[in-house]
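I opened this structure to look up how its parts are held together, and I kept notes as I went. The entries below follow the order in which I looked.

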Amino acid sequence: MTTQNRLSLDPTHDSSQQVETAPSVAEAETATPEQFQWTQQWYPVAVVEFLDPKSPHAIQLLGKDLVIWHDQQGEWHCFEDRCPHRLAPLSEGRIEVDGTLMCAYHAWRFDGEGHCLDIPQSLDLETAKQHRANPRSCAIAYPTQVQQGLIWVWPDNSEASQSLSQERSPRIIPELEELPDRAIKLFWYVRDLPYGWDFFMENIADPAHVPVSHHGIMGNRYRDANYYDMSAVREVSTQEGFAFNITPVSNTILRKAVHNFQPPCHMRIETTFAREGQMILALYASPTRPGWCRHIGCQVLIKDKDGKAPPGLGFFAWPMPKWLGHVLAPLFLHQDLVFLHYQEKRIGHQEQGNWLETVYTPNPQDKMVIALRQWIKTRAGGGIPWQCDPQLPPPQRDKEQLFDVWHTHTKDCQVCRQALKRIQQLKIVMLISAVVCFGLGVMLDARSQALYAITHSDTSLFLMTPPPEFWELALCSVVLATGGYLLQRFSRMFYVYEFDHAHND
């Protein structure tokens, strides 16, 4: 282990004092350390099963506006989101019956390689052919592949980078390939989050926050915020990242938990249990634009030798429809979101070199966070080389906007949109049924009152008492109306879910 690593991993060392020593030690070890190339990597940008293959989809990556779309041959493609003609967004275009992508502005059409196939405003076919032969008529295409249900994009279309993209593999979950009979993959979840890639990774590299921030889901803030140590289990590497082992003081079930950072965007949390079962929390965060990242994640449960699956992450490991898992995910994500969004705005204006001067990190639980910040500073050029204005957006003070679910997930997830449509249809049926039941009850009551008036000459008090059928129908009406109201409340979670730690008791 290097001198720098020994310094930062000493549990008795005040890490706030590393600012002057750690960088100088690193510089002494190597004058020109290998630098991480952000554009020479595979990034997951979407989950295939959640996308409508009949429409193009706008995405962002490293500040670039991109579009992903699906052709008739079953292939996904990624272009720069602009038509070469007048730079109109191709994501507002159409996928034609022949499997080409059409710009809806002037009907230029492109194949999966980006070649222009049609320029309908040309004088004649020969002129159109000449125009299409010009390389400037092509859309800018990026290497794309699908693995483990995710669409991966390589954000560099240069000729030299194309060959490199074929040599490197995405950061997939190897257990799904190597242990198909023992590995159980739970649902994927995808979400655009209003804080940066580095703050997402910093949060995942910090297990100490879990029982506090996720009180009631993953522990108790008063009982479980205990001391533990972290030790490095893999040396820091520019390309391969690093890993830390969590060593609890006492735990009768948990054997070990390893947090494994694999740049550019993958963090694995590997938890091993006493019966040799394992839970893997596979978390991806692709940098989209300054102040935002796209999170894609899932749980993978590895059965033990007896075929028994280990416990998962709370109720998220229960058998449930994918859309329900997506609706419940903000219960967990928003508990961190409210911190990370504002934390980034406060620290974001500080230079990376001053990070340790800005914060106070005296405990060993912060070792991996410090390692992450040092990796970014010394090996990753100080941060992401944005292909756009790197200025952070201002903090969002409107909590409905901050906790927006519709624009950051639901509108781009066909599974959730279909579920929401069914819920809204069921709500309408229940409300109409409630009105019908109440109307039938009133009609039966009126009929019984009329019959009573015809057969009795006196007007006794009994005349005012509705028949039993009225009360049955009235009760049905109340139950149906209540159900419709609860469905309306529930459907709001597809749009926004606000959270307040002060009220999380």
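**Entry 1: the chain as a whole**

I note at the start that this is a predicted model. I counted 13 helices and 19 strands in the chain, and of its 505 residues 50% count as buried. The chain exposes about 25,300 Å², and carbon and sulfur atoms supply 55% of that area. I also looked at contacts between residues at least 6 apart in sequence, and found that 64% of them join residues at least 24 apart.

**Entry 2: the nonpolar cores**

I asked which residues touch the most other members of the largest nonpolar core. In this core of 101 residues they are Trp188, Trp197, Phe200, Phe261 and Trp375. The largest share of the core, eleven residues, comes from helix α8, which covers residues 322-347. A second, separate core has 15 residues, among them Val67, Phe79, Leu90 and Cys116.

I then followed Trp197 by itself, leaving aside its neighbours within four places in sequence, and its contacts include Trp38, Phe261, Pro264, Cys265, Trp292, Cys293, Trp375 and Ile384.

**Entry 3: an open sheet of four strands**

I traced an open, antiparallel sheet of four strands in the order β2-β3-β4-β9. Its edge strands are β2 (57-61) and β9 (141-142), each of which pairs on one side only. Strand β4 (residues 76-80) is joined to β9 by two bridges, and the two strands run antiparallel. Phe79 stands opposite Ala141 in β9, and Phe79 is also a member of the second core of 15 residues.

**Entry 4: Gln162**

I next looked up Gln162, which has its place in helix α4 and is partly exposed, with a relative accessible area of 30%. Not counting residues up to four places away in sequence, Gln162 touches Ala141, Pro143 and Asn157. The C-alpha atoms of Gln162 and Tyr142 are separated by 8.5 Å, although these residues are 20 apart along the chain.

**Entry 5: salt bridges**

How many salt bridges does a search of the whole structure find? It finds 16, and I wrote down several of them.

In the pair of Glu240 and Arg171, the closest N and O atoms are 3.0 Å apart. This pair links distant parts of the chain, 69 residues apart, with Glu240 in the loop between β14 (228-237) and β15 (241-248) and Arg171 in the loop between α4 (159-167) and α5 (174-178). Glu240 counts as partly exposed at 38% relative accessibility, whereas Arg171 counts as buried at 17%, because the limit for buried is under 20%.

Arg373 forms a salt bridge with Asp198, with 3.2 Å between the closest N and O atoms. Arg373 lies in helix α10 (residues 367-379) and Asp198 in helix α6 (residues 197-204), so this pair ties together parts that are 175 residues apart in sequence. Arg373 is buried at 5% relative accessible area, and Asp198 is buried at 14%.

The side chains of Asp412 and Lys411 also meet in a salt bridge, at 3.1 Å from N to O. Asp412 is partly exposed at 26%, and Lys411 is partly exposed at 34%.

Ile428, Ile432, Val436, Leu440 and Met443 make a nonpolar surface patch of about 470 Å², and I placed Ile432 in helix α12, which covers residues 414-455.

How values were computed. Residues numbered from 1 in each chain as written. Predicted model: local features only at pLDDT ≥ 70, side-chain atom pairs only at ≥ 80, totals over all residues. Heavy atoms only, no water. Patch = residues over 30% accessible without salt bridge, like charges linked within 9 Å, V, L, I, M, F, W, Y side chains within 5 Å. Areas by Shrake-Rupley, 256 points an atom, 1.4 Å probe, with all protein chains shown as cover. Salt bridge = Lys/Arg side-chain N within 4 Å of Asp/Glu carboxyl O. Pairing = 2+ DSSP bridges. Buried < 20%, exposed > 50% of the residue type's maximum accessible area, 1.4 Å probe, protein only. Core = buried A, V, L, I, M, F, W, Y, C linked by side-chain atoms within 4.5 Å. Contact = heavy atoms within 4.5 Å.
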